[in-house]
Amino acid sequence: MILAADWYFSSFENRQPPPPVPHSPAREFVTQVLATASVVLGISYLIWRFTDSLNPRALWFAIPLLLAECMAFVGSVLTFLNLWRTRDTPMSPPPRTVNEILGAPFPEDRPLSVDVFFPTYNEDVELVRLSVRDAKAMTYPHPIDLRIHVLDDGQREAMRAVAEEEGVGYLTRQGNVGFKAGNMRNALENTGGDLLVICDADTRPFSTLLERTLGYFRDPTVAWVQTPQWFYDLEEGHPLPEWLAGRLHLGRPGRLLGRVIERLIGPIQIGRDLFANDPQVFYDLIQRRRNWCNASFCCGAGSIHRREAVMEAALKAYAEQVNRAVHPFVKEVEDPLLRSELRTALLGQAASHVELTPYKFHVSEDIYTSLLLHCDKDRHWRSVFHPIVESKMLSPQDLLTWTIQRFKYAGGTLDIFWNDKLLRRPGPSTWQRLMYGTTIYSYLAPLWTVPFLLAPIIYLFTGIAPLSTYSGPFYAHLVPFLLANKLAFMSASWGVRTFRGEQHYLSFFWINLRAMRDVLAHRPIKFHVTPKTRQTGNFLGLAWPHLCLIGLYVAGLAFRGAWIWGHGGAGLPSYLVNAFWSLNNMLSLSVIVASALRRPS
């Protein structure tokens with residue numbers, strides 16, 4: 001057996017997750033004031049852009065860029081609405097018995113029954129063993145029927161042996177229909193716990209997970225609880241002074257320079273979390289601040305579900321699908337009696353050809369199920385985001401793994417919007433629709449980031465600017481808006497590292513473009529298991545769009561700079577604006593190139 005000490009992440013075992021950022025009413029108020037100012041200034045800027053800034057000789061260039069700015073502004077407004085307030089759901093004492101979580105108690109009470117699922121396909125069996133052992137170590141202050149199950153879609157004898165050695169359940173099936181969703185459906189058919197804990201193969205729950213989260217289910221309308229995911233093996237990078245001294249071979253002068261810089265702007269870690277894997281921005285900011293409007297959605301690993309809610313949603317979806325299959329055959333029949341008889345006859349046939357799927361066979365079955373439950377206008381199911389980290393996981397280790405994961409997120413979310421059209425169903429509140437819509441809208445970012453990436457290149461090679469002039473009015477309208485926007489986001493995200501996420505906002509463009517293409521072409525978004533160990537090989541091929549753009553920026557800056565030099569400085573203000581714009585874009589794109597070349601220690 002491979003011991004934990006033999007794994008690369010064994011040196012990270014003692015790392016502790018960050019606590020949730022403390023809620024500050026004063027800071028929240030400052031954020032709301034700054035966000036309001038940003039929106040007002042943004043509207044003023046866009047009005048000026050529409051009325052006084054367009055280059056009439058290049059409307060083919062000016063109008064698309066202005067539309068991209070409008071879409072980016074809408075995204076900014078949606079982000080501020082998401083970050084507007086923090087209202088954590090109060091924790092409740094862990095329930096003693098099943099009747100304490102039911103709306104209609106059983107005549108005979110009993111201890112809670114909880115199933116813990118570890119879906120696996122091809123992950124290292126010893127990695128799964130570590131997760132299972134941590135699950136076995138979970139504590140609870142009352143008697144509880146805890147059953148841990150390894151759901152092996154790889155049908156491996158070695159995995160079966162690990163489950164037997166650890167004394168936990170082993171469930172498998174013939175075939176892999178539905179991938180992870182099908183695997184979990186099979187598990188639901190063969191288990192009976194009141195609550196389900198969903199883990200990934202590498203999810204290692206902390207001992208406190210159950211005692212801190214099951215209390216939320218005292219509210220019989222709570223369908224699931226999502227806890228933050230935390231990657232405990234993130235690359236921490238190198239302190240700037242040491243990086244300058246060692247990696248750049250500057251020695252003592254470099255170390256002194258680094259200390260001076262850090263004294264001015266704070267500690268800097270070079271190479272930290274190149275992939276922007278740190279999920280704190282998503283969980284502590286986005287998910288947590290949807291609690292107040294019941295719009296926090298399930299993210300799979302680290303979530304706890306009420307079986308009743310999952311099965312009831314499945315039955316309703318099953319009935320809806322059967323009725324939808326019958327409707328085309330009976331809608332043209334005018335006679336009510338004949339229509340009723342035909343419908344009855346067809347329902348039985350349709351029911352035999354439709355599968356009951358508690359988790360839809362979808363690459364993003366977690367958010368799909370969340371939206372389905374929030375659409376239930378009869379039960380009004382609630383979700384809870386629990387802000388304290390209760391498990392640890394492994395992060396993507398290379399650009400290939402990272403790309404597979406991010407494409408799955410983007411494609412799955414867009415597919416739910418475009419093909420399943422769940423947001424059009426009755427049931428969700430306006431705020432729920434808005435929050436789910438914000439998530440979907442974020443994956444449409446290439447519609448505005450691609451014009452932002454191309455605009456300076458067009459100017460540098462043609463000399464054509466989208467604005468009539470880069471004069472005082474331009475700076476008077478743009479700078480206050482950008483400053484208020486930046487300060488509002490800094491206040492909203494206080495205590496959370498956001499730098500990498502801001503870089504990746506632009507660099508995601510290629511993955512999101514491919515996802516949009518596949519969804520619009522009705523290509524199935526395939527489920528690929530995210531590798532848990534680093535893949536070998538050269539990944540620069542995955543960064544070719546970013547390398548091409550960086551090359552165009554460098555060539556364009558040299559070309560336009562030489563032209564301006566030869567024409568006595570004519571057009572220098574436009575050049576400086578676009579040079580700054582280009583450098584900012586290159587900084588964001590370079591993180592993908594650095595990720596492709598990354599060789600972890």
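I'll start with D115, which is found in strand β1. Helices (H or I, at least four residues) and strands (E, at least two) are DSSP runs, numbered from the N terminus. Before going on, the source: this is a predicted model, where local features need pLDDT of at least 70, side-chain atom pairs count only at pLDDT 80 or more, and totals for chains, interfaces and linings use all residues. Residues are numbered from 1 along each chain as its sequence is written, and side-chain values use heavy atoms, with hydrogens and water left out.

Back to D115. Is D115 buried or exposed? D115 counts as buried because its relative accessibility is 2%. The cut-offs are under 20% relative accessible area for buried, over 50% for exposed, and partly exposed in between, with a 1.4 Å probe and protein chains only. The D115 side chain makes a polar contact with the side chain of T191, at 3.5 Å. A polar contact here is a pair of N or O atoms within 3.5 Å; within protein, one must be able to donate a hydrogen and the other to accept it, and residues adjacent in sequence count only if both atoms are side-chain atoms. Setting aside neighbours within four places in sequence, D115 is in contact with residues including R147, H149, T191 and R307. Contact means heavy atoms within 4.5 Å.

Now the strand as a whole. Nine of the nine residues of β1 are buried, so β1 is largely enclosed by the rest of the structure. In a regular strand the side chains alternate between the two faces of the sheet. Both faces of β1 are covered: on one side L112, V114, V116, F118 and T120 are buried, and on the other S113, D115, F117 and P119 are.

T120, also in β1, is buried, with a relative accessible area of 3%. Its side chain makes a polar contact with the side chain of E123, at 2.6 Å. Leaving aside neighbours within four places in sequence, the contacts of T120 include V128, V150, D152, R156 and N183.

Next, strand pairing. Two strands pair if DSSP finds at least two bridges between them. Strand β1, residues 112-120, runs parallel to strand β2, residues 144-152, and nine bridges join them. Between them the chain passes through helix α3, residues 125-136, and this β-α-β crossover is right-handed. Right-handed means that, with the strands pointing away from the viewer, the path from the first strand over the helix to the second runs clockwise. Within this pairing, V114 has L146 of β2 as its bridge partner, and D115 has R147.

β1 also pairs with strand β4, residues 195-198, in the parallel sense over four bridges. There the partner of V116 is V197.

On to β2, which pairs with strand β3, residues 169-171, in the parallel sense over three bridges. The chain gets from β2 to β3 through helix α4, residues 157-166, in another β-α-β crossover that is right-handed. In this pair, V150 stands opposite Y170 of β3.

Which residues of α1 are buried? Among them are E28, T31, Y45, W48 and R49. What covers the buried residues of α1 includes α2 (59-82) and α16 (472-492).

V479 belongs to α16, and counts as partly exposed because its relative accessibility is 44%. V479 and Y45 are 434 residues apart in sequence, with their C-alpha atoms 9.5 Å apart in space.

F275 sits in the loop between β8 (269-270) and α9 (280-287). At 3% relative accessibility, F275 counts as buried. Its C-alpha is 9.7 Å from that of T403, 128 residues away along the chain. Neighbours within four places aside, F275 is in contact with residues including P396, W402, R406, H504 and R598.

Last, the cysteines. C299 counts as buried, at 15% relative accessibility, whereas C548 counts as partly exposed, at 43%.
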